[in-house]
Every structure is written in C-alpha cells, then in structure tokens.
Amino acid sequence: MNNDDAVLVYDGQCPFCANYARLVRLRGTVRRLQLVDARESPAIMDEISRAGLDIDQGMVLKLNGKLYHGDDAMHRVALMSSRSGIFNRFNHWIFRSPTRARLLYPPLRAIRNLVIRGLGRRPIDNLGRKQGGGDS
C-alpha cells in the first residue's frame, strides 16, 4: 500500500456497510481508496486485531499507517469524501462533525448488529470474545 492510499475495512456481509463502501467517493486527498471485506482479508485483520479494534463494533480506516475505528473512521472518510452525488454530500454533511459522528454512530452500529443477527450471519469476532461459550 502506498502512503497516498487509504484502506477501508468493513463487513461485506452487512448490507449497510457494503453499500456505504460501494457508494463513498473520495476527492483528491488520497490516490485511491481500497475497499476490504474483513471476512476475506486476514492480513489486515491481524493488524486490526493486534490494535484491539473490534470490527463488529465499527469499520476501520487505515490512513498514513494509522488505524481509525468506528465514528472516527466515518468522520475521517467524510472529511475526505467527494461532494458529488446525493449520498456523498449527505455523508459529508452528517459525519464532518466529530460530535455528530460520535452521537450518531452508536445507534447506526446497533441497527447494523440487529440486521446482521436478523439475517442469520455470524459476527466476525476478530478479538475472540464470543469463543468459549458466550452467546452468539
């Protein structure tokens, strides 16, 4: 990965996460945005797990060697996003404020987790919290 690249790691089995990753467009702040399904990329997931970041609780943005998680990732993506198209303008308006991102991300995450469960999909559980008899 080049320093001018950004990597967005998301749950490819989550319809909200997958659509967000598909729709978000960045302007010239990075050379390219690499979209990575956390369920299919153990290499970057090892790095995310070592950092103690729970991918089931938020997507991760890797930018300039630093990992941003959850609301912070959404905020950073919004700051870099293009203003072309309704989705990108709305995303920028909502998440450009760190306060709005911090307030809105938990309910969005809760809805995402309910949908994942409702669809019968298992959590990624990259930190191994559900192993050993917890409820799944």
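A residue is buried under 20% relative accessible area, exposed over 50% and partly exposed in between, with a 1.4 Å probe and protein chains only. The model is predicted, so local features need pLDDT of at least 70 and side-chain atom pairs count only at pLDDT 80 or more, while totals for chains, interfaces and linings use all residues. Residues are numbered from 1 along each chain as its sequence is written, and side-chain values use heavy atoms, with hydrogens and water left out.

The aromatic pairs come first. Rings of Phe, Tyr and Trp (its six-membered ring) pair if their centres lie within 6.5 Å; planes under 30 degrees apart are stacked, those over 60 edge-to-face and the rest tilted. Two such pairs are found in the whole structure. Y20 and F87 form an edge-to-face pair, with 5.7 Å centre to centre and 70° between the planes. Because Y20 lies in helix α1 and F87 in helix α4, this pair ties together parts 67 residues apart in sequence. Helices (H or I, at least four residues) and strands (E, at least two) are DSSP runs numbered from the N terminus. Y20 counts as buried at 8% relative accessibility, and F87 as partly exposed at 28%.

The other pair, F90 and W93, is tilted, at 6.4 Å centre to centre and 35° between the planes. These two residues are three apart in helix α4, so about one helical turn separates them. F90 is exposed, with a relative accessible area of 51%; W93 is partly exposed at 43%.

The buried residues of α4 are N88, N91, H92, I94 and F95. They pack against α1, α3 (71-80) and α5.

A nonpolar core is a set of buried Ala, Val, Leu, Ile, Met, Phe, Trp, Tyr and Cys residues joined through side-chain atoms within 4.5 Å. The largest has 23 residues, and L8, Y20, M59, L61 and V77 have the most contacts inside it. Its largest share, five residues, comes from α3. Contact means heavy atoms within 4.5 Å; leaving aside neighbours within four places in sequence, V77 is in contact with L8, Y20, V24, L26, L61 and N91. A second, separate core of eleven residues includes I44, M45, L53 and I55.
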